[in-house]
Amino acid sequence: MTTERKLLLTTRIPVRWGDMDAYGHVNNTVYFRYFEQARVEWIEQQGSRVSPEEPVGAVIINASCTFYMPVNYPATVVVKMYGGEPGRTSVMTWYELFVEGDERLYADGAAKTVWMDTRTGKSSPLPDTIRSMFD
C-alpha cells in the first residue's frame, strides 16, 4: 500500500462457526463481509445511515482481497480500514485483517467506494463530512 492513506476505523468482529467452509477455515467470501462491516461502521460513524431509504448512499465499484493465512474458529478478527485522497464522488479504501492477539497480517484488501443518488443510480458528490476527513 504505497498510496498515502489515513486510518479511519479499527473494529473487532467475532468469527462465527458458520463463517468456515469445508476446509475448516473462514471462507474467502467472508473476508469481504468483514471489510463491508468495517465500511458500514465507518459510514455510520460519520452521521450517515446505510439504508435504501437514504437519498445518497455509498456503494463499491470494485473490491479485492489477498489472503496470507487462514483464519479459524474460534477467533476475533481485527479489521483496520484506511482511506485515501477523495475524488469528486469516491474515496479509495484499504483494509488489513488480523486475528486478535496475533500481530501477523492474515489478509488485506481494497475497495473503491462511490457515493450514489439512490433514486437515479448516478454518482453523487462526496458528503462534506467524508471529504473533511482528508483535509
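This briefing walks through the main features of the structure above, topic by topic. The model is predicted, so local features need pLDDT of at least 70 and side-chain atom pairs count only at pLDDT 80 or more, while totals for chains, interfaces and linings use all residues. Residues are numbered from 1 along each chain as its sequence is written, and side-chain values use heavy atoms, with hydrogens and water left out. Helices (H or I, at least four residues) and strands (E, at least two) are DSSP runs, numbered from the N terminus.

**Helix α1**

- Helix α1 covers residues 28-45, 18 residues in total, and reaches 27 Å from its first C-alpha to its last. That is close to the 26 Å expected at 1.5 Å a residue, where the expected span is 1.5 Å times one less than the number of residues.
- Buried here means under 20% relative accessible area, exposed means over 50%, and partly exposed is in between (1.4 Å probe, protein chains only).
- The buried residues of α1 are Val 30, Tyr 31, Tyr 34, Phe 35, Ala 38, Arg 39, Trp 42 and Ile 43.
- The cover over these buried residues includes β1, β2 (56-67), β3, β4, β5 and α2 (128-131).
- Just after α1 comes Gly 47, with a positive phi of about 95°.

**Strands and their pairing**

- Two strands pair if DSSP finds at least two bridges between them.
- β1 pairs with β3 in the antiparallel sense over eight bridges, and Pro 14 has Thr 76 in β3 as its bridge partner.
- β3 also pairs with β4 in the antiparallel sense, over seven bridges; here Met 81 stands opposite Tyr 95 in β4.
- A hairpin is formed by β3 and β4, with six residues between them.
- β3 is mostly covered, as six of its eight residues are buried.
- Thr 89 lies in the loop between β3 (76-83) and β4 (90-99), and Thr 89 is buried at a relative accessible area of 12%.
- Contact means heavy atoms within 4.5 Å. Leaving aside neighbours within four places in sequence, Thr 89 is in contact with Thr 113, Val 114, Trp 115, Ser 123, Ser 124, Pro 125 and Leu 126.

**The nonpolar core**

- A nonpolar core is a set of buried Ala, Val, Leu, Ile, Met, Phe, Trp, Tyr and Cys residues joined through side-chain atoms within 4.5 Å.
- The largest such core has 29 residues, of which Tyr 34, Trp 42, Val 71, Val 77, Val 79 and Leu 97 touch the most other members.
- β1, α1, β3, β4 and β5 each supply at least two residues of this core, and α1 gives the most, with seven residues.
- Beyond its neighbours within four places in sequence, Trp 42 is in contact with Leu 8, Leu 9, Met 81, Val 91, Trp 115, Ile 130 and Met 133.

**Aromatic pairs**

- Rings of Phe, Tyr and Trp (its six-membered ring) pair if their centres lie within 6.5 Å; planes under 30 degrees apart count as stacked, over 60 as edge-to-face and the rest as tilted.
- The whole structure has six aromatic pairs. One of them joins Tyr 31 and Phe 67 edge-to-face, at 4.9 Å centre to centre with 85° between the planes.
- Tyr 31 lies in helix α1 and Phe 67 in strand β2, so this pair ties together parts that are 36 residues apart in sequence.
- Tyr 31 is buried at 2% relative accessible area, whereas Phe 67 is partly exposed at 37%.
- Phe 32 and Phe 35 form another edge-to-face pair, 6.4 Å centre to centre with 75° between the planes. Both lie in helix α1, three residues apart, about one turn of the helix.

**Salt bridges**

- A salt bridge is a side-chain nitrogen of Lys or Arg within 4 Å of a carboxyl oxygen of Asp or Glu, and the structure holds six.
- Glu 96 forms a salt bridge with Arg 5, with the closest N and O atoms 3.3 Å apart. This pair links distant parts of the chain, 91 residues apart: Glu 96 in strand β4 and Arg 5 in the segment before β1 (6-14).
- Glu 96 is buried at 13% relative accessible area, whereas Arg 5 is partly exposed at 28%.
- Glu 100 and Arg 12 meet in a salt bridge through their side chains (3.0 Å, N to O). Glu 100 is in the loop between β4 and β5 (107-117) and Arg 12 is in strand β1, 88 residues apart.
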